[in-house]
Amino acid sequence: MAVRSWIQRWDPEDETFWSQEGGEKVARRNLAFSILSEHIGFSIWTLWSVMVLFMGPEYGIDPAGKFFLVSMATLVGAVARVPYTFAVARFGGRNWTIFAASLLLIPTVAAFAVMEPGTSYTTFMVCALLTGVGGGNFASSMTNINSFFPLRKKGWALGLNAGGGNIGVPVVQLAGLAVIGASGGPRVLLGIYIPLIAVSAICAALFMDNLATVKNDTGAAKEAVRDPHTWIMAFLYVGTFGSFIGYSFAFGLVLQTQFGRTPLQAASITFIGPLLGSLIRPVGGRLADRFGGARITLWNFVGMAAATAVVVLASSQKSLPLFTTAFIALFVLTGLGNGSTYKMIPGIFQAKAAARGLAGEEAAAYGRRLSGASMGLIGAVGALGGLGINLAFRQSFQTAGTGTAAFVGFLVFYAACFALTWAVYLRRPAAAEAPVEATEAEPRLSYAEV
């Protein structure tokens, strides 16, 4: 197999290029191996959601300390997303994927070396911080795939890419369940992932491509930062992805701390929510392609608020079956919302191009330029929502011994997300201001159709 390098011409909006000249085939191949790398990245990023289940009394770390450990992994993963976004244009999508995948060996080998009772809390903290590099993979992967696909396919492609990556969370938790069930230690789990990381890096080298047409544009970055839609979408993404990643880290700990589940009992449930949330993410993107992202996002926040209200009720009544069912439903809704919100981003900037009088490839290039620049920032801010969730749980358990207060705060936040989505993208007076998003059915839609 010849080693791949740079593609000099890339025009996915040209139907002839896409359908007859092999553009779609190349894009799908890069998507497949991007998903593999991002999948492993998510697994390593959320590794400590599993490691803390192995850490019994002999480790000397209380629940608040465990929540802080996973919070630090979330923090680094969020911050890493900003430089990772711009790395694709600087080094090439294929080249950066090779490097980013290989970098995952550092936190995995480090954890393998120190994971035993008697290791200092500071050492565990450093290892948890290092896993944050896996969170950065999402930003570079999404920025890369965003450049490969035409606007009419972005909802599906970005949803599939992100969903396939998100599945790395339940997969590492399932692997942890298998190891715990077999009475194996944490080093067994880490030993499984070390060769998988090598495989993902090798596959990126053999089967992915760099796009010479993708360039970093500091002007685009500055324009994206100044655009209010970037920050609005970042706020909404805190509500969807921030919830997904925050709950993924915290679910097992909540079951252990609030409901007294053993590590095996917690692990046997923990993976279900992230798995369903990951699988449904492409569905959210597809629904957004068809009906408009804002409509799906708006009603999704209604569902998230309703599920959270049930969680609050179950938490206050100490009903484990109701709590688990509602929490898993909440996971599903975070995944659906992840797909719909991310679909909105390229559509917003594409429609802003139309509002400026641009058309054809000129409009598409403008949309790709601004959406690519904004995605890293939106993804980073969204991931910080996971940090907020774990810190909220830490405080709630420290002060009240239960997560109920934290869930009440999340309920209020989802209500704010609903109000913002309606006010900016669906309120009738706003709908008349400018077109905002395109779907497969209609190339230009108003704010009311986002």
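A few ground rules. Residues are numbered from 1 along each chain as its sequence is written, and side-chain values use heavy atoms, leaving out hydrogens and water. Since the model is predicted, local features need pLDDT of at least 70 and side-chain atom pairs count only at pLDDT 80 or more, while totals for chains, interfaces and linings use all residues.

Overall build, then. The protein chain has 20 helices and four strands (DSSP runs numbered from the N terminus: H or I of at least four residues for helices, E of at least two for strands). Its radius of gyration is 21 Å, close to the 22 Å from the globule rule for 450 residues, so the chain is as compact as a globular protein of that length. That radius is taken over C-alpha atoms, and the rule is 2.2 Å times the number of residues to the power 0.38. Along the principal axes, the C-alpha trace spans about 65 × 55 × 30 Å.

Now the helix pair. Helix H5, residues 93-103, and helix H11, residues 186-207, have axes that come within 8 Å and cross at roughly 170°. That makes H5 roughly antiparallel to H11 (angles over 145 degrees count that way, on a 0 to 180 scale between N-to-C directions of lines fitted to C-alpha atoms, for helices over the stretch in contact). Who touches whom? On the H5 side we have Arg94, Thr97, Ile98, Ala101 and Ser102, meeting Ile197, Ser200, Ala201, Ala204 and Ala205 in H11; contact means heavy atoms within 4.5 Å.

The structure holds one cavity of 30 Å³ or more, and about 90 Å³ of space lies in the largest cavity. On a 1 Å grid over the protein atoms alone, a cavity is a set of points where a 1.4 Å probe fits but cannot get out, and lining residues have an atom within 4 Å of a point. Volume is the space filled by probe spheres set on the points, which are joined across faces, edges and corners. Of the 13 lining residues, Ser37, Thr97, Asn137, Ser140 and Ser141 are the closest to the cavity centre.

Last, the largest pocket, with about 410 Å³ of space. A pocket is an open set with protein on both sides within 12 Å along at least five of seven lines. H18 gives the largest share of its lining, six residues.

Technical notes:
Parallel < 35°, antiparallel > 145°, perpendicular 65-115°, else oblique.
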